[in-house]
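Welcome! Take a look at the sequence and the model, and then read on.

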Amino acid sequence: MSKRTHPRGTARPVRLLGDPVLRTECDPVRTFDASLERLVDDMFVTMYEEDGAGLAGNQIGVGLRIFVYDVEDDRGRRHVGHVVNPVLVAADGELVVESEGCLSVPGLRFDTPRYRHAVVEGVDVKGRPVRVEGTGYFARCLQHECGHLAGKVYIDVLSGDARREAMRAIRALRE
């Protein structure tokens, strides 16, 4: 994929697993102003600099319910946008186990179960209603980012051997 760019904004440091902000449920956005627009710009720049597919507010230390994304669906269509105060209203269809990673858990990827289809509803930076529907990798991204805003990371959806492997790998990184 070619290098993605965003015309304005400033990259912010990505918070890593172990930072309490990643385990704290985010608050709803209540003020829709220029600072929210700057936050979205900064989130896009950060996501692109880190070569991510999505980024939630708490991943840059902002405990607000907002995420950005730039990802392809299972038909190769690119989806770029943001959702403020998102609610995952549907995660259904076939449960697919595929490799997944996270900017807050760099260098590690684990086979993670996610539903093939997801729908998120919320608003944009102006407070206008938004409904985003995704399939394939895009659906995976929507579920992943909504999880962040609930204070979860993708390893939380793992179970059994996959979870034990993930926990061992994370412990090894910290040693």
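Helix 2 covers residues 136–149, and its 14 residues reach 21 Å from the first C-alpha to the last, close to the 20 Å expected at 1.5 Å a residue. That expected span is 1.5 Å times one less than the number of residues. Helices here are DSSP runs of H or I with at least four residues, strands are runs of E with at least two, and both are numbered from the N terminus.

A word on the source: this is a predicted model, in which local features need pLDDT of at least 70 and side-chain atom pairs count only at pLDDT 80 or more, while totals for chains, interfaces and linings use all residues. Residues are numbered from 1 along each chain as its sequence is written, and side-chain values use heavy atoms, with hydrogens and water left out.

How enclosed is helix 2 by the rest of the structure? It is largely enclosed, because 13 of its 14 residues are buried. Buried means under 20% relative accessible area, exposed means over 50%, and partly exposed lies in between, using a 1.4 Å probe and protein chains only. Just after helix 2 comes Gly151, with a positive phi of about 85°.

Two strands count as paired if DSSP finds at least two bridges between them. In general, strands of a sheet pair through backbone hydrogen bonds, either parallel or antiparallel.

Let us walk across it. Strand 1 and strand 2 (residues 66–72) run antiparallel and are joined by three bridges; Leu55 has Val68 in strand 2 as its bridge partner. Seven bridges join strand 2 to strand 3, again antiparallel, and Ile66 is partnered by Val84 in strand 3. The hairpin of strand 2 and strand 3 has five residues between the strands, and there Gly76 takes a positive phi near 80°. Strand 3 and strand 4 pair antiparallel over 14 bridges, with Tyr115 in strand 4 as the bridge partner of Leu95. The hairpin from strand 3 to strand 4 passes through two residues.

Contact means heavy atoms within 4.5 Å.

Helix 1 has 16 residues and reaches 23 Å, first C-alpha to last, close to the 22 Å expected at 1.5 Å a residue. Its buried residues, among them Leu36, Leu39 and Val40, pack against strand 1, strand 2 and strand 3. Asp51 follows helix 1 and has a positive phi, near 60°.

## Aromatic pairs

How many aromatic pairs are there? The count comes to four, where rings of Phe, Tyr and Trp (its six-membered ring) pair if their centres lie within 6.5 Å, and planes under 30 degrees apart count as stacked, over 60 as edge-to-face and the rest as tilted. Phe44 and Tyr48 make a tilted pair, because their ring centres are 5.9 Å apart and their planes stand at 35°. These two are four residues apart in helix 1, so about one helical turn separates them.

Tyr69 and Phe138 are also a tilted pair, 5.2 Å centre to centre with 45° between the planes. This pair links distant parts of the chain, with Tyr69 in strand 2 and Phe138 in helix 2, 69 residues apart. Tyr69 counts as buried at 6% relative accessibility, and Phe138 does at 1%. Phe67, Tyr69 and Phe138 form one aromatic cluster.
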